[in-house]
Amino acid sequence: MEATINAHMPGLVARVVAIEGEQIAKGQTVAVINCMKNELAVISEYEGKVKQVLVKEWDEMDVGSPMIILDLGEVK
Amino acid sequence: MFRKLLIANRGEIARRIIKTCRELNIKTVAVYSDADKNAFYLREADETYNIGPANPLKSYLNIEAIINVFKKAGVDAVHPGYGFLSENYSFAEAVVSSGVTWVGPPPDVMKAIESKCYCREIASRVNVPIIPGTVTPVRSLNELNKVIDEIGIPAFLKLDKGGGGKGIEVIRDTRQIRDVWERVLRIGMVAFGSPDCYLETQVVNPRHIEIQFLSDSSGKCICLGERECSIQRRHQKIIEESPSPVVGEKERQNLYEYTRKLVVTMGYEGAGTMEFLRSEEGEFYFMEVNARLQVEHPVTEFLTGIDLVKCQLEIAAGEKLPMNQEDIILEGHAIEARVYAEDPVSFSPSPGKISRLQFPEMNSRYLRIDHAIGEGSLVSPYYDPLIAKVIAWDITRLEAIRHLEEALAAFQIDGIKTTIPLNLKILASKEYVEGDFNTSFLEELLKEGCEKN
């Protein structure tokens, strides 16, 4: 099972916090978006392992732009 | 006067500069990023050039891309507006060395005054009061401990070349000294390329009051009244006005005298602002100089009838200021409300498309609205959330407040959230109406709101 973490606000990617292979907890900050000079944390709604980071610093984001793919593990 | 001027900025200030250039028959060149390519204000410029992607580092802050436009367009002057590259002396130097006139203070002056310690040193040399603390950078943790023993806590450790509210840390407990020292040094190195910092005591419940001035190449300096800018949130100003409810003629003349001394000693030319803090006891302290046209300049223009952009252009063209200090008459009262594309309660940004827009009924004697928005405009997530400045004027402060309230209430903007409801709440508060406030006013007002709910 996979899940994608999408941008919740438009803007520029200010920082990518998560790294590929890292285990992410629910509620953890995985990236930061700069929207109108405000730094907004992108929070993971899931628990899982980072399979792929799709963005880098200064990429332009729209609402819903995919940012990170998580591997949620086996469905129980 | 100039033939063709490039505006190294965007949005409402680009429009504002175009307006004056048109009156002076100066052709205008606007630059824009991909995000602004459909912005309607670009049609008001004589020529437009794309300078890169939405990311401001690659467009509006990209010195090389902007300098390249000089050659293509053949401009003879550059106006930087505010923000972006306006206080960047490397840009100013690059402009000057490509044979184009910089509409701003001389680059070497810009470079010198970037150091707050240099400004504090100049101020103390000419007997302009500064917030007690160190004048030269603190060189070691040992020295910092000694200074704190002398001036006491709470105190602020500030970066000499910081900005935008970054690199300012409060020390409330002597046990914090080492941590704060190390943190400020680190931020200085990473964000500003200099670890220099200085210490200031805390001014309790201060008001932020600034003096607008103009200074020409002959050394003539004219002051254009003060602006009261205490209504702010996290160093972001929300309401500005002139005159200040707490500045009488005697205080004003003192502030003018401080300003003139600082301007002459710095060798400053052009339009600028000297920022002061006023303590609860009514003492004024010089804080810093803003080497640019400011967002809130319309307040001063309303009171004096002077076009500050026109003066900037005349000074840059080497002309002498045509007026003297005694010609400056401050008439009535002007108040500016900044409208931000933000949620008025949570302050979270609200970019998007303006689906419907209706401006209040205009009467240029009492109302001015500086903006660069229209129905269908996109408010970009990449830049500052300021979308409009609503400025009201009348003979008395209370009448000015009333005009501003009416204008803001009649403003209709759909599709994005704006801070208009917050502006109205401020204007209706008892403390604001009575002129009884300081820089913590807004924080207190927001706290009250939460407690009532």
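In this predicted model, helix 3 of chain B is followed by B:Gly99, a residue whose phi is positive, near 80 degrees. The helix itself covers residues 89-97 of chain B, and its buried residues are B:Tyr89, B:Phe91, B:Ala92, B:Ala94 and B:Val95.

In chain B, B:Asn205 has a phi near 45 degrees, a positive value in a residue that is not glycine, and B:Asn205 sits in the loop that runs between strand 8 (197-201) and strand 9 (207-215) of chain B. Because B:Asn205 has 14 C-beta neighbours inside 10 Å, B:Asn205 counts as partly exposed. In chain A, the residue in question is A:Lys37, with a positive phi near 70 degrees, and A:Lys37 is placed in the loop between strand 4 (29-35) and strand 5 (38-43) of chain A. A:Lys37 has 16 C-beta neighbours inside 10 Å and therefore counts as partly exposed.

Another is the bond from B:Ser242 to B:Pro243, where omega is near -5 degrees; B:Pro243 lies in the loop that links strand 11 (236-242) to helix 8 (249-266) of chain B.

Two packed helices are described by the angle between their axes and the distance between the axes. Helix 6 (residues 141-151) of chain B packs with helix 7 (residues 177-192) of chain B at an angle of about 125 degrees, and their axes are 11 Å apart. Helix 6 of chain B is therefore oblique to helix 7 of chain B, and the crossing of helix 6 of chain B past helix 7 of chain B is right-handed. On the side of helix 6 of chain B, the residues that meet helix 7 of chain B are B:Leu141, B:Leu144, B:Asn145 and B:Ile148, while helix 7 of chain B contributes B:Ile177, B:Arg178 and B:Trp181. By class, the residues of this contact between helix 6 and helix 7 of chain B comprise five nonpolar, one polar and one charged. An α-helix has 3.6 residues a turn, so residues three or four places apart point the same way.

The contact draws on B:Ile401, B:Leu404, B:Glu405, B:Leu408 and B:Ala409 from helix 11 of chain B, and on B:Ile420, B:Asn423, B:Leu424 and B:Leu427 from helix 12 of chain B. These residues of the contact of helix 11 with helix 12 of chain B divide into seven nonpolar, one polar and one charged.

These local features belong to a chain B whose secondary structure comes to 14 helices and 20 strands. The radius of gyration of chain B is 22 Å, which agrees with the value near 22 Å for a compact globule of 453 residues, and the C-alpha atoms of chain B fill a box of roughly 60 × 55 × 45 Å along the principal axes. Of the 453 residues in chain B, 48% are buried. Among contacts in chain B between residues at least 6 apart in sequence, 65% join residues at least 24 apart.

Chain A, by contrast, has zero helices and eight strands. The radius of gyration of chain A is 12 Å, close to the 11 Å that the globule rule gives for 76 residues, so chain A is as compact as a globular protein of that length. The C-alpha trace of chain A spans about 40 × 20 × 20 Å along its principal axes, and 28% of the 76 residues of chain A count as buried.

Finally, the two chains touch: 10 residues of chain B are in contact with 10 residues of chain A. On the side of chain B that touches chain A, the residues divide into eight nonpolar, one polar and one charged.

How values were computed: Residues numbered from 1 in each chain as written. Chains lettered and ligands numbered in written order. Predicted model: local features only at pLDDT ≥ 70, side-chain atom pairs only at ≥ 80, totals over all residues. Axes fitted to C-alpha atoms, helices over the stretch in contact; angles between N-to-C directions. Helix = DSSP H or I, 4+ residues; strand = E, 2+ residues; numbered from the N terminus. Parallel < 35°, antiparallel > 145°, perpendicular 65-115°, else oblique. Left-handed = near helix turned anticlockwise from the far one by under 90°. Contact = placed C-beta atoms within 7 Å. Nonpolar A, V, L, I, M, F, W, Y, C, P; charged D, E, K, R; others polar. Rg over C-alpha atoms; globule rule 2.2 N^0.38 Å. Buried ≥ 20, exposed ≤ 12 C-beta atoms within 10 Å, placed from the backbone.
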